[in-house]
Amino acid sequence: MSQRVDEPHDDMRMHITAPVIEPGYDFGTVTDKISAIVLRRRTPPGWFFGFSISFIITMILMVTITHLVLTGIGIWGNNQPVGWSFDIINFVWWIGIGHAGTLISAILLLFRQTWRTSINRFAEAMTLFAVACAGLFPLLHTGRPWLAYWLFPYPNTMGIQPQFRSPLMWDVFAVSTYGTVSALFWFIGLIPDFATLRDRAKSRFFQVVYGMLSLGWRGSARHWFRYETTYLLLAGLATPLVLSVHTIVSFDFAVSVIPGWHATIFPPYFVAGAIYAGFAMVLLLTIPIRKLYGLEDFITGRHIRNMAKIMLATGLLVAYSYMVETFTAWYSGNAYEEYMIFNRFKGPYMWLYWLLIFCNAVAPQVLWFRRVRHSNVAIWIVSIIVSVGMWLERFIIIPVSLHRDFLPSSWGMYAPTLWDWTMFIGTIGMFFLLLLLFIRFLPMISIFEMRTILPQAEIREEEA
Amino acid sequence: MKRSKIPQLYGLMAEFEDPTDVVTAARRTYEEGYRRINAYSPYPIEELSEAIGFHRTILPLIVLIGGILGGLAGYFLQFYVHVFDYPLNIGGKPLHSWPAFIPITFECTILAAAFSAVFGMLALNKLPQPYHPVFNNPRFALATRDRFFLVIEARDPKFNHEETTRFLQSLGPYEVIDVET
């Protein structure tokens, strides 16, 4: 946050690469432009259109959940031998998407990447909503979600306690910690901007609401000093946290003995995949939104290109993991491991496997070309392909590993039911619904951090 | 927003348009011997908190202690549950199986440290604080937009209404006004 003064050699580079903010802005215009989206400007028709669609889809989710709670999880397609399917695929998919938000807000902050400034608020919001969607799946998969608190240790009349040696318990702690810390990080980042909105709002109602949310922030130098310390510490805490969360999610599989799950490469493989999927989702969302709200001056071509490069890099890590997975299965000399890979290549779900390879390993290679990286439409299409690919990856890992394990007599096939699909698509609707509400009522770009990257923000020491 | 019938002077507030000017002014004020001073800016300025003589906080220590306590609590929770409260003998494996306790210990460390950071910062900053005398200046709304403010409180031992006003005027502000409590 406090990289107002760039290194001297950065100035040289600035002329070659696009800027992180277009020239001609000052503290006032940056403030007005971002706060106007919330306070002054008319909500664009595109917002109402998106809101209506996502509201309808969210209602489908509500119907599904109601039916699920009244009937039981038998309405889903998973049954022996495939006990885990859409519920876990979608959980892992959503959690993974969330990881890019933390990466942008925390890890890039520690690496002093100033370009993160205009996308971090948005990406953090995306994290929160993705974690909310993810949490629904295991919660409802318990079958009796009203007893979900049994997962936490508390003195109870049943005289029992949870099994802390189980990766599923680790998951409960990891995901709830992740959700809580992401929410704290997000709220802390919003406090100074709430104060800005409080001072700009015209209606009494919004003055009071934003005033309460700002906690009486007044921009005191002493407050800023402690604030910056907190922000940096939270970034330092969130960085190992985000790596631990997907590591623990991968333990849900790796600690078991199922061929296709029991692999030591899982933690780094899952973390890379999570960041890959997350950046695809950030690109998928920012490219249309910056256009819709005319924010091209703040979210510039440089942001899009940098994110595309990160997507390409993590995509290569994921492709490497696929190769290692295959190699290990062959090198193990273990009949079950070898069959697992053979079944992926040539089994009944082979078309999904090869589609996955196309989506995650082949298609993103077009990002090597400069012309593709300079086309927002092309990057947007690649992001969709990657999002689909990452979902397929979890499908291949979960049901395809389960449907044929050790005993051929217990093999089976899996197919999702209608309710599986409505539940999955419903969470996508809920995600967009929350995101659109966020864009409407909160500043989607961190205003105070944008002020710090303006050239005027620099203290001229020779005069001071 | 006056709370009493006889308004008392909280201090003098000088408004600046440029970050460098407010840092220079804050340094001059500190050199002049004023200590009950504060500066307000729309974004964090490292030099500004240094200029008013504020460059240490115990927050990192609070976070460290919070993290350590969280980690210990997380570990001992699992230790207590699995060794004393609800021991389960599975295949003769040890009850105190510490490697399996590490992930939750780690998560508890992070959670407690993050809570200490956030609530420690709010407590040290005395937030939430809906009312503060500086808000009495209507122009102070610009402190969250593009203006910078320097305040010398009336309870500063060196404070003298006329002299301090003259001193602040000499620093080249946009204007200097009295702030009432």
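Axes, as used below, are lines fitted to C-alpha atoms, for helices over the stretch in contact, and the angle between two of them runs from 0 to 180 degrees between N-to-C directions. The exercises that follow concern a predicted model.

**Exercise 1. Describe how helices α4 and α9 of chain A pack, and which classes of residue meet there.**

Step 1. Helix α4 of chain A covers residues 86-110 and helix α9 of chain A covers residues 266-292; the two pack at an angle of about 75°, and their axes are 7 Å apart.

Step 2. Angles of 65 to 115 degrees count as roughly perpendicular, and α4(A) and α9(A) are therefore roughly perpendicular to each other.

Step 3. On the α4(A) side the contact includes A:Trp93, A:His99 and A:Leu103, while α9(A) brings residues including A:Phe270, A:Phe279 and A:Met281.

Step 4. Sorted by class, this contact of α4(A) with α9(A) has 13 nonpolar and three polar residues, and no charged residues.

**Exercise 2. Work out how chain B meets chain A, from the area buried to the elements that take part.**

Step 1. The contact draws 71 residues from chain B and 63 residues from chain A, and the area buried between the two chains is about 5900 Å², with carbon and sulfur atoms giving 66% of that area.

Step 2. Of the area that chain B buries against chain A, 12% is supplied by B:Pro44, B:Thr144 and B:Arg145, which is more than any other three residues supply.

Step 3. Between chain B and chain A there are 29 residue pairs in polar contact, with both residues at pLDDT 80 or more, and the count of salt bridges between these chains is two. One of the salt bridges joins B:Asp18 to A:Arg460, whose closest N and O atoms are 3.3 Å apart.

Step 4. Several elements of chain B supply at least two residues each to the side that touches chain A, among them α1 (19-31), β2 (37-40) and α3 (59-85). Helix α4(B) gives the most to this side, with 17 residues.

Step 5. By class, the side of chain B that touches chain A has 47 nonpolar residues, 14 polar residues and ten charged residues.

**Exercise 3. Find what the salt bridge between A:Arg116 and A:Glu449 ties together.**

Step 1. The side chains of A:Arg116 and A:Glu449 meet in a salt bridge with an N to O distance of 3.2 Å.

Step 2. A:Arg116 lies in the loop between α4 and α5 (120-141) of chain A, whereas A:Glu449 lies in helix α17 (residues 447-452) of chain A, so the pair ties together parts that are 333 residues apart in sequence.

**Exercise 4. Locate the backbone features at A:Pro81, B:Pro128 and A:Leu215.**

Step 1. As background, most residues other than glycine have a negative phi, and most peptide bonds are trans.

Step 2. The peptide bond from A:Gln80 to A:Pro81 is cis, with omega near 0°, and A:Pro81 lies in the loop between α3 (45-71) and α4 of chain A.

Step 3. In chain B, the peptide bond from B:Leu127 to B:Pro128 is cis, with omega near -5°, and B:Pro128 lies in the loop between α4 and β3 (148-153) of that chain.

Step 4. A:Leu215 is not a glycine, although its phi is positive, at about 60°; A:Leu215 is found in the loop between α7 (204-213) and α8 (221-254) of chain A.

Definitions and conventions:
Residues numbered from 1 in each chain as written. Chains lettered and ligands numbered in written order. Predicted model: local features only at pLDDT ≥ 70, side-chain atom pairs only at ≥ 80, totals over all residues. Heavy atoms only, no water. Contact = heavy atoms within 4.5 Å. Buried area = accessible area lost by both parts, 1.4 Å probe. Salt bridge = Lys/Arg side-chain N within 4 Å of Asp/Glu carboxyl O. Polar contact = N/O pair within 3.5 Å; in protein donor to acceptor, adjacent residues only side chain to side chain. Helix = DSSP H or I, 4+ residues; strand = E, 2+ residues; numbered from the N terminus. Nonpolar A, V, L, I, M, F, W, Y, C, P; charged D, E, K, R; others polar. Parallel < 35°, antiparallel > 145°, perpendicular 65-115°, else oblique.
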